Amino acid sequence: MRVLLIIKVVLTGATLNAQTNLVPNWSFEDTIACPTSVGQLNNTPYWFSGNIGTPDYFNECATVPSQAGVPQNGFGYQYARTGQTYVGVLTYQAGFSPREYVEVKLIDSLEQGKRYCVSFYVSLGASSAPIDAFHAVFSPDTIFGSFLTNLPNQPDVSNPSGNSISDTGSWVLISGTYIASGGEAYITIGNFYSDDSSNADTSNFNQSYFYIDDVSVILCEDTSTQEFFIPTAFSPNGDNNNDVLHVRGPIREMDFYIYDRWGELVYHSTNPLEGWDGTYKGQKLNSAVFVYYFKGTLLDGTEVTEKGNITVFR
């Protein structure tokens, strides 16, 4: 079992750029304590409930009786998309209309007129009704409803209407762009629609429960005009110049693999914000030529598949 020590880093607006994820603890990996039962969102920092509901925090460190483990828990069986943790919310229940929301304060407020790329992943829990209603809302102040029914806010990013989410085995991407009014400091995620507008398929089950992972809010205005690009060489020698290899461009989602000359996988990432530092299992690799394979989707929906060579210079 592992509990992470939290060190809070304050970032000013001057340090942020187009590739900075404005969501703190975006994959819920920061852990205050292992959950001992469901309903303990407060065991992962920064995030909190948007109403009187009790969102759940799931972690591999939790014991089986807690029902808050990963992959097995009280709402199904699912591995984290990234790391070993995720959260969960109830989004629908026929005849009762309860809602749960997760909310977080952004690292920096949104700037007026700027376009932001927003994304998060969801997975339907077991014994849950497929539904298309899943949203994100931005607000200048915290949202809190002293009730369990849906919050009345108008969604800013939504899963497409009619695109029912029914996959209990994989993670489903929900994404969109948002033009800021200026001053938005919080993002809240959940189902903001009424029962009648939620398009739930209750033929087998009468409630919908979802896991959530990998929440991202990135200034994408500057990256939207950049071309997709993978450098062919870099020098991770500790001089703070070209020490990390990043895939460049307006990337929405990706799978990026790097192999050594014997075909062994030395690096894999699905996060466009991450880069390779030329190490494998914590050890620096010698100067050599490596093979990469990239498969991903750009912000405009273009699918990209590419392979080539990357040279590491020490």
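Student: Leaving aside its neighbours within four places in sequence, which residues is Asn 191 in contact with?
Tutor: Contact here means heavy atoms within 4.5 Å. By that rule, and skipping neighbours within four places in sequence, the partners are Thr 91, Arg 99, Tyr 101, Ile 131, Ala 133, His 135, Asn 150 and Ser 198.

Student: What kind of model are we looking at?
Tutor: Residues are numbered from 1 along each chain as its sequence is written, and side-chain values use heavy atoms, with hydrogens and water left out. Local features need pLDDT of at least 70, side-chain atom pairs count only at pLDDT 80 or more, and totals for chains, interfaces and linings use all residues, since this is a predicted model.

Student: Is Asn 191 buried or exposed?
Tutor: Asn 191 sits in the loop between β11 (186–190) and β12 (207–219); strands are DSSP runs of E, at least two residues, numbered from the N terminus. Buried means under 20% relative accessible area, exposed over 50%, and partly exposed in between (1.4 Å probe, protein chains only). Asn 191 has 0% relative accessibility, so it counts as buried.

Student: Which side chain makes a polar contact of 3.1 Å with that of Asn 191?
Tutor: A polar contact is a pair of N or O atoms within 3.5 Å; within protein, one must be able to donate a hydrogen and the other to accept it, and residues adjacent in sequence count only if both atoms are side-chain atoms. At 3.1 Å, the partner of Asn 191 is Ser 198.

Student: Which residue forms a salt bridge with Asp 195?
Tutor: A salt bridge is a side-chain nitrogen of Lys or Arg within 4 Å of a carboxyl oxygen of Asp or Glu. Here the closest N and O atoms are 2.9 Å apart, and the partner of Asp 195 is Arg 99. The pair links distant parts of the chain, 96 residues apart: Asp 195 is in the loop between β11 and β12, and the loop between β5 and β6 holds Arg 99.

Student: How many residues apart in sequence are the parts tied together by Arg 81 and Asp 214?
Tutor: These two form a salt bridge, with the closest N and O atoms 2.6 Å apart. Arg 81 is partly exposed at 23% relative accessibility, whereas Asp 214 is buried at 5%. Arg 81 lies in the loop between β4 (76–77) and β5 and Asp 214 in strand β12, so the distance along the sequence is 133 residues.

Student: What is the phi of Lys 281?
Tutor: Most residues other than glycine have a negative phi. Lys 281 lies in the loop between β16 (279–280) and β17 (283–284) and is exposed, with a relative accessible area of 71%. Although Lys 281 is not a glycine, its phi is positive, at about 55°.

Student: Which residue does a cis peptide bond join to Val 70?
Tutor: Most peptide bonds are trans. This one is cis, with omega about 10°, and the partner of Val 70 is Pro 71.

Note on methods:
Helices (H or I, at least four residues) and strands (E, at least two) are DSSP runs, numbered from the N terminus.
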